[in-house]
Amino acid sequence: MFSRSSSSLICRSASAAFAGMVLLAGCASPQAFQIKRIEPGLASTCSVPIPERDVLVGVALSGGGSRAALFGAAGLEALGRLRTADGRSVLERTDYLSSVSGGSLAATYYALQKPPRDMRVLTPGGELTPPWTAFFEQYKGMMSQNIGGPVALRQFSSFRWLNSSLGAISLAEILRERVLGDATMRDVNRREALGDAPGLIVNTTLYNNGRRLAVTGLPSDAFRYDFIGSLQREQKEEGKRAEIPPILARRWEQLLPMTPADLRMDQCHMLVAGAVAASASFPPVIGPTTFQVEGDDTYWHVGDGGLYENQGVEPLVFLFVKQLQQKKSRRAYIIAFDSSFPFSVDERRLNRRAEPFSLFTFDFNRIPGIMEERATTYQGLFFRSMQIEGVFPDEHTMFGLSLRHIDAQWREDLSDVPQACLNEAKPILSPADVRERLAEIPTRFRLFSECDRQLLITAASKLVEQHRQEILDFIDGRPVPKAQP
């Protein structure tokens, strides 16, 4: 039993400890980042014009932490090995990279570090040239490293764990120190202007209005496809009259991405690491990030770019459809490396779960996962319906290919399974086991085994090889047998 004096001492100590925590929390309170303002009528000094291309090629890298970062990097390497009819690599024909969350780490590193355009990707014999070989080895190593552990350590050592909004700052710091350095968006846009990097679109979400914020050097009207006008023209040609209620027109406006220029925000001095951290900020663990444009009263809260579309495809669709609508391009192709966490995995787990949910055992990611699953279904139905109606370009004009990490085909004898997976505690006995292993790689900024790392790299290479002919057929202008779902 404690004496009264000792009890008083404990109370005073507890009070002091609590007061100390409050003070530390105050020291660790997040502050809004101040962003330089662009004056009305002026363009950002690092904006990049939209180039006119006969055939537009875009690559989308999905969210999914290190799983997505490595899968995206390996996917780009696999595309690099494909030679088009003009002798160039598919990478040399790629105009845009659009990314979400973990995919944004892969996209930004590629845009910053890839060899310049005068360094050919392939040798005359069809192999990667030495500079590109060295780049991809370094690239995959960077995407495989443990980011999550150092972020957690930074959070606890700085008492930032008391406020989850500071997790985005910790993530940005670690990404800057370990992967992206002090590069700014101006550095990326300068490479784009020289032709040394594809156009970069890093997708985030504005919590204020629910709009997508695309961090990019493209002008603000680049994504403003006139869907309503296109629909009305198509209906008129068919002798029909399309009544579009004003509320639907406003809702369509909400779907269109915003850019920093729309917020009068000069992105030039924005750290690339900060943009990636914003794209990957998923509360309550990390983010959102808050910023304010100098001279404005509004505070903008920016978080994960994949809240309702985790593939990064939608901005490319709007960008390409507008180019096609304006007759500035004839055809467009989108290749999506989708390593989103499969919805079916949690279904299997919940089917076997006997315990009720509690605050500490419920995976809250399931909530946005359900909403995203429904949104993705409606999105697919909408775009396909608009193609059938002739409002959107048909599949011979704009084609999309989704490469999911769980869809790679494996040999029955498992001779193509990486050696690192053969001595795992849970044995891999069939191709179904391989797919299940890939499906259950968690969404973290860390890969927990060499087997996971090698499986992702091999899966990306296999998927590109499985679809080699249709990729090359579309880019080279040959008929593609059938559209992808």
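Start by selecting Arg331 and Phe474: Arg331 lies over the face of the Phe474 ring, at 4.9 Å from the ring centre. A charge counts as sitting over a ring if NZ of Lys or CZ of Arg is within 6 Å of the ring centre and within 35 degrees of the ring normal.

Before going on, a word on what is on screen. This is a predicted model, in which local features need pLDDT of at least 70 and side-chain atom pairs count only at pLDDT 80 or more, while totals for chains, interfaces and linings use all residues. Residues are numbered from 1 along each chain as its sequence is written, and side-chain values use heavy atoms, with hydrogens and water left out.

Now pick Arg366 and Phe343, where the charged end of Arg366 sits over the ring of Phe343, 3.8 Å from its centre.

**Aromatic rings**

Next, select Tyr333 and Phe399. Their ring centres are 5.7 Å apart and their planes are at 25 degrees, so the pair is stacked. Rings of Phe, Tyr and Trp (its six-membered ring) pair if their centres lie within 6.5 Å; planes under 30 degrees apart count as stacked, over 60 as edge-to-face and the rest as tilted. Tyr333 is in strand 8 (residues 331–338) and Phe399 in strand 9 (residues 398–404), so colouring both strands shows how the pair links distant parts of the chain, 66 residues apart. Helices (H or I, at least four residues) and strands (E, at least two) are DSSP runs, numbered from the N terminus. Are Tyr333 and Phe399 buried or exposed? Both are buried; the word means under 20% relative accessible area, with exposed over 50% and partly exposed in between (1.4 Å probe, protein chains only).

The whole structure has 25 aromatic pairs. For a group of rings, select Tyr225, Phe227, Trp252, Phe318, Phe382, Phe383 and Phe392, which form one aromatic cluster.

**Salt bridges**

Move on to Glu77 and Lys140, a salt bridge whose closest N and O atoms are 3.0 Å apart. The term stands for a side-chain nitrogen of Lys or Arg within 4 Å of a carboxyl oxygen of Asp or Glu. Glu77 lies in helix 2 (residues 65–80) and Lys140 in helix 4 (residues 130–144), so the pair ties together parts that are 63 residues apart in sequence. Glu77 and Lys140 are both buried.

Now show helix 12 (residues 343–351), where Asp346 and Arg349 are three residues apart, about one helical turn. These two form a salt bridge as well, with the closest N and O atoms 3.5 Å apart. Asp346 counts as buried at 13% relative accessibility, whereas Arg349 is partly exposed at 38%.

Then try Glu424 and Arg437, whose side chains meet in a salt bridge of 2.9 Å, N to O. Glu424 is in the loop between strand 9 and helix 14 (431–439), and Arg437 is in helix 14, 13 residues apart. How many salt bridges does a search of the whole structure find? The search finds 32.

**Last stop**

Finish with Lys462 in helix 15 (residues 450–466). Lys462 counts as buried, at 18% relative accessibility. Show its surroundings: leaving out residues up to four places away in sequence, Lys462 touches Ala408, Gln409, Trp410 and Asp416, where contact means heavy atoms within 4.5 Å.
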